[in-house]
Amino acid sequence: MVSENFGTGRPLFPFALGNYKNFFTLFTFEVRTVKILVQKFGGTCVSTPERRKLIIKRVQEADEKGFKTVLVVSAMGRNGAPYATDSLRLLALQEYSDVSLRELDLIMSCGELISAVVVAAALSNMGITSRALTGAQAGFLTDGRYSEAEVLDCQPTGIVELLQRNEVPVVAGFQGIDPMGEINTLGRGGSDITAVILGAALEADKVEIYTDVSGVMTADPLIFKGARVIQQITYGEIFQLAHEGARVIHPRAVEVAMRNNVNVVVRNLEDPETGTLITGESSLKGGGYSTRSRRAVTGIAHYTNLVQFLIQLKDPDPRREQEIFQSIGEAGVNIDLISVFPLMKAFTVKDEHSFKVENILNKMEIPYTMEKDCAKVSVVGVGMHNIPGVMAKVVRALNEHNIEIKQTGDSNISISLLIKQQDLHGAIKTLHDHFYLEDQLPI
Ligand code: ADP
Ligand code: MG
């Protein structure tokens, strides 16, 4: 049932664990006695010497518990930080607007590499012998699509050799090498994908995602202070939350975790006691036979900077309708929240793509209106399809606060609403209240 929600429209991840069974013979010790932990540290975790000390602490703690650790790191800091992905990209683009995707991938891949070297140096200086690895050195083979590559294969023999020598590998996340030897990046948030693939390839006990918040929360704490940590969440729900904009973990990382049964925990580097365990439904606490007691909504996600297009036709015209959507697709624009009626079509696009849609519609002489500064807020919960009236509750919650609903969309575990961006905080707060998300209800 949950797998039905994994339609991302992208080719399925072709990675299969079977390829790696033989490679474990490389271990000179009995495979099952080696406990491996993959620890991924996000941009803020690697950004200061103080935080890097905490990384060392996490590695030492894992060592004390008998784990061999493999680290995956993101580029340092957020937007504007000197070695953050966007800063490196801008470095190439600010003076010279014409830089190829190949070159951009090369420069963007440096951010993670810089982090890997610095973190490996921090560990080695504390007496924990460590070595930084590029994505290629860590065995990541990608499909050649610059800036949004898929990982085709992962052969982490180099990592295994380091583990055998009791060295800690520190892998630059977000990247791999294609069959032509070109460096590809995996897209925003791609280090999560690196970490989970390594978790699967190494048959790790667990993948720990360390970040700047205390786990997967009921809403983005940056927007809504009342958000609470969700202790345990299913792959299906976190996938849908991530897909609907909760950027705490990459949706493709969740997909890989689910397909390969990788246990993932999301934690705060500075407060690792709490956190969120991401598991399959069968491992949920208090299983039982009844699904009625389940909560309807687990969390709320959002996207900002959306533009809604409304197209009004005088007569039904299926050929023209097909032409419109085909041209938009060919321009590489993703559309969302699509409602099609014989005389009216509505859909949304990201702000940065709206000019492409305008150009297409103007050229085809199709009358339209557009509404800028929209946001999409989505409530997500695996229990919602068992509980009637969830939509009514959503509508009531927003009506009570005079928040206009411009469009809706749904899957069997989510309901999405398009609203004005200025209403976003109010919408999240009222939905959070109406679905009692401040309480830790049974899953
Ligand atoms: P990292 O560099 O560690 O990968 P990200 O910025 O990619 O960090 O992800 C962490 C951020 O995700 C948090 O700072 C938070 O603002 C945001 N976020 C959005 N939705 C959620 C959510 N539901 N739970 C937790 N964090 C969320
Ligand atoms: Mg991230």
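Is Cys110 buried, exposed or partly exposed? Cys110 is partly exposed, because its relative accessible area is 33%, and the cut-offs are under 20% for buried, over 50% for exposed and in between for partly exposed (1.4 Å probe, protein chains only).

1. Before you go on, a word on what you have here. This is a predicted model, where local features need pLDDT of at least 70, side-chain atom pairs count only at pLDDT 80 or more, and totals for chains, interfaces and linings use all residues. Residues are numbered from 1 along each chain as its sequence is written, chains are lettered from A and ligands numbered from 1 in the order in which they are written, and side-chain values use heavy atoms, leaving out hydrogens and water.

2. Now the chain as a whole. It has eleven helices and 18 strands, which are DSSP runs numbered from the N terminus (helices are H or I, at least four residues; strands are E, at least two). Of its 443 residues, 51% are buried. Take the contacts (heavy atoms within 4.5 Å) between residues at least 6 apart in sequence: 76% of them join residues at least 24 apart.

3. On to the cysteines. A disulfide is a covalent bond between the sulfur atoms of two cysteines. With the rule set at a pair of cysteine sulfur atoms within 2.5 Å, the count is zero disulfides. Cys374 counts as buried because its relative accessibility is 0%.

4. You'll find Tyr303 in strand S13, residues 299-312, and Tyr303 counts as partly exposed because its relative accessibility is 33%. Tyr303 sits 71 residues from Cys374 in sequence, yet their C-alpha atoms are 8.8 Å apart in space. Leaving aside residues up to four places away in sequence, Tyr303 touches Ala242, His243, Glu244, Gly245, Ala375 and Lys376. A polar atom of the Tyr303 side chain also lies 3.3 Å from the backbone oxygen of His243.

5. Last, ligand 1. Taken alone, ligand 1 exposes 570 Å², and the protein buries 92% of that, by the Shrake-Rupley method with a 1.4 Å probe.

Note on methods:
Polar contact = N/O pair within 3.5 Å; in protein donor to acceptor, adjacent residues only side chain to side chain.
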